[in-house]
Amino acid sequence: MGNADYLYPSTNDHQCAHRVAIPPPQPFFKSFKNSLKETFFPDDPLRQFKNKTPSRKFILGLGYFLPILDWAPRYSLQFLKADLIAGITIASLAIPQGISYAKLANLPPILGLYSSFIPPLVYAMMGSSRDLAVGTVAVASLLTASMLGQEVNASENPTLYLHLAFTATLFAGLLQASLGLLRLGFIVDFLSHATIVGFMAGAATVVCLQQLKGILGLDHFTQSTDIISVLRSVFTQTDESKRRPKFFWISAMAPLASIILGSLLVFLTHAEKHGVQVIGNLKKGLNPPSFGDFVFTSPYMSTAAKTGMITGIIALAEGIAVGRSFAMFKHYHVDGNKEMVAIGTMNIVGSCFSCYLTTGPFSRSAVNFNAGCKTAMSNVIMAIAVMFTLLFLTPLFHYTPLVVLSAIIIAAILGLIDYEAAICLWKVDKFDFVVCMSAYIGVVFASVEVGLIIAVAISVLRLLLFVARPRTIVLGNIPNSTIYRNVEQYPKTDNVPGVLILEIDAPIYFANSSYLRERISRWIDEEEDKPKSTEETSLQYVILDMSAVGNIDTSGISMLEEVKKTIDRRGLKLVLANPGAEVMKKLNKSKFLENIGQEWIYLTVGEAVEACNYKLHTCKPDSTKKESQPWNNV
């Protein structure tokens with residue numbers, strides 16, 4: 001960067017510039033209404049109701065909460081064929097996965113089938129995603145087992161544990177639906193991409209380690225989820241694991257076999273009598289009601305509420321992320337708040353009919369997408385297939401070996417370890433990689449809850465750092481233009497003699513006002529300390545480019561006042577460029593505009609530099625650098 005070739009813009013043709021306007025005052029309630037609308041209704045969901053008759057508004061309102069009313073009238077036989085294939089395909093995956101994940105949550109296996117029957121029907125009516133396949137997920141199942149297991153032992157008190165699972169699902173559904181109805185979906189965004197990648201990978205590792213119990217046939221296994229406890233539990237039972245049953249070869253080949261083959265082999269060889277653990281009896285029939293099974297007494301209610309809230313947020317983040325991912329491929333929009341209401345409602349209804357937490361798992365949704373589904377009807381067909389299984393086929397699962405379930409979980413969960421995403425994080429953003437690895441290490445070496453807390457805490461810390469430490473950039477002139485850009489990004493820019501141009505790259509709030517005051521003073525010190533040639537003009541003007549300052553609070557205004565006083569004491573002049581409407585409104589009300597003089601506020605950096613150059617070359621400053629009268633741009 002240099003200034004030898006800097007050409008001063010001509011001022012002969014352009015002796016005045018446009019004044020930066022102060023927005024007209026608005027009534028408080030109108031301004032407050034606009035702020036609420038921008039915060040909670042950025043997508044303007046009420047736009048479709050404008051200029052419509054009351055009956056049409058009622059129909060549109062029903063369609064908003066029940067999207068099935070929009071696509072059902074247009075449903076065709078071609079769509080039915082595609083959804084029928086997709087529904088049967090995901091049912092073949094949902095049945096074994098449902099049984100496996102229920103075992104992972106330390107719940108009766110039949111609950112996995114119950115949870116694949118009622119919730120998909122509710123989501124088919126209320127969900128806005130065409131590709132999301134509803135069901136239980138490994139991470140939520142693991143969290144349920146981990147958090148409820150701290151309060152109640154599933155083996156010693158299975159009934160209470162079961163009722164707590166229903167209660168936690170109810171709380172999760174209430175939280176999810178409330179977030180959607182209150183338009184608070186942005187809370188889920190605090191789970192950054194890096195956090196989710198690390199957390200999911202850590203949870204996948206823990207889930208795979210937990211399956212050592214089924215693969216090795218261990219009867220006594222730790223309730224903890226950290227890797228140290230799991231490995232200690234494995235190696236302290238080496239004698240037990242060496243006593244292999246006669247038909248251990250069935251267990252060894254189970255990861256490569258399907259449930260049908262595994263069950264058939266156990267049935268024909270009577271392997272269950274020789275040490276191979278099987279599911280056992282599964283109750284025939286549809287979901288029994290569980291209205292009266294909720295637990296609202298101390299101390300169990302707090303445990304259920306905490307479990308429900310944490311698992312609910314994780315399930316919500318996964319379901320919405322999966323739905324949006326597949327919607328992007330098919331070029332349609334998924335309403336995040338509508339999805340929250342749909343997922344929350346299906347969990348509320350499901351908790352009343354013996355279901356535990358459900359969402360849209362990636363593996364099942366990917367199968368649904370690849371099978372060519374057209375609408376959410378594929379969930380209905382899957383639910384019908386599960387219903388048929390509940391009514392007639394559950395006895396066939398009696399001989400299914402538990403090692404098959406472990407193999408199914410491992411096969412499904414390995415896809416959550418996205419090492420390519422971790423490598424990408426390392427290449428693109430090292431801090432995001434730290435967040436990712438913190439979540440992974442916390443989950444694997446401590447617990448699922450600790451890993452989640454660490455990851456969210458680091459993500460929030462980074463958010464605070466973004467707010468509290470915004471970037472301030474020195475701008476230079478791109479040769480032969482009136483464009484000013486970052487001197488580090490564009491090394492060939494020219495600096496403007498006698499003028500320091502700084503860009504503030506964030507809103508100015510109480511959290512960053514002190515930092516900005518100190519950083520601006522430091523930039524001025526560094527500029528004045530630079531060696532100057534005898535002909536070169538010393539620093540006279542400091543221009544603050546406020547294009548990126550979307551808002552300012554009273555602390556920020558006080559900071560600007562202090563900066564102006566500091567600059568005045570140095571014999572310099574403060575100039576503002578392109579402050580926004582909200583900033584101008586507050587600067588005007590605080591009398592700061594009168595203090596600085598509106599003639600020192602310009603629409604662009606180019607106009608501000610031109611005015612400063614005009615003053616430098618028409619008015620010779622005195623020995624104290626004090627200006628007699630500012631150049632008026634009006």
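Student: Skipping the close sequence neighbours, what is Leu-111 in contact with?

Tutor: Leaving aside neighbours within four places in sequence, Leu-111 is in contact with Leu-162, Phe-166, Ser-354 and Tyr-356. Keep in mind that this is a predicted model.

Student: OK, and which residues have the most contacts inside the largest nonpolar core?

Tutor: Leu-111 is one of them, along with Ile-99 and Leu-107. That core has 64 residues.

Student: Which helix gives the largest share of this core?

Tutor: Helix H8, residues 158-181, with 10 residues.

Student: Zooming out, how many helices and strands are in the protein?

Tutor: The count is 27 helices and six strands. Buried residues account for 50% of the 634 residues.

Student: And what share of the contacts joins residues at least 24 apart?

Tutor: That's 81%, taken among contacts between residues at least 6 apart in sequence.

Student: Surface next: how much of it belongs to carbon and sulfur atoms?

Tutor: 62%, out of an accessible surface of about 30,300 Å².

Student: New topic. Where does UniProt put the "transmembrane region" annotation?

Tutor: The unreviewed UniProt entry lists several spans, including 132-149, 161-184, 247-268 and 379-397.

Student: How much helix is in residues 132-149?

Tutor: The span is 67% helix and 0% strand, and its end C-alpha atoms lie 30 Å apart. For residues 379-397, it's 79% helix and 0% strand, with the end C-alpha atoms 23 Å apart.

Student: Is H7 enclosed or exposed?

Tutor: Largely enclosed by the rest of the structure, because 11 of its 12 residues are buried. Among them are Ala-138, Ser-141, Thr-144 and Met-147.

Student: Last one, Leu-264. Which helix does Leu-264 lie in, and is Leu-264 buried or partly exposed?

Tutor: Leu-264 lies in helix H14, residues 259-269. Leu-264 has a relative accessible area of 45%, so it counts as partly exposed, which is the class between 20% and 50%.

Student: How far apart are Leu-264 and Phe-397?

Tutor: In sequence they're 133 residues apart, and in space 9.8 Å, C-alpha to C-alpha.

Technical notes: Residues numbered from 1 in each chain as written. Predicted model: local features only at pLDDT ≥ 70, side-chain atom pairs only at ≥ 80, totals over all residues. Heavy atoms only, no water. UniProt positions renumbered as here; feature names shortened; annotations may be inferred. Helix = DSSP H or I, 4+ residues; strand = E, 2+ residues; numbered from the N terminus. Buried < 20%, exposed > 50% of the residue type's maximum accessible area, 1.4 Å probe, protein only. Contact = heavy atoms within 4.5 Å. Areas by Shrake-Rupley, 256 points an atom, 1.4 Å probe, with all protein chains shown as cover. Core = buried A, V, L, I, M, F, W, Y, C linked by side-chain atoms within 4.5 Å.
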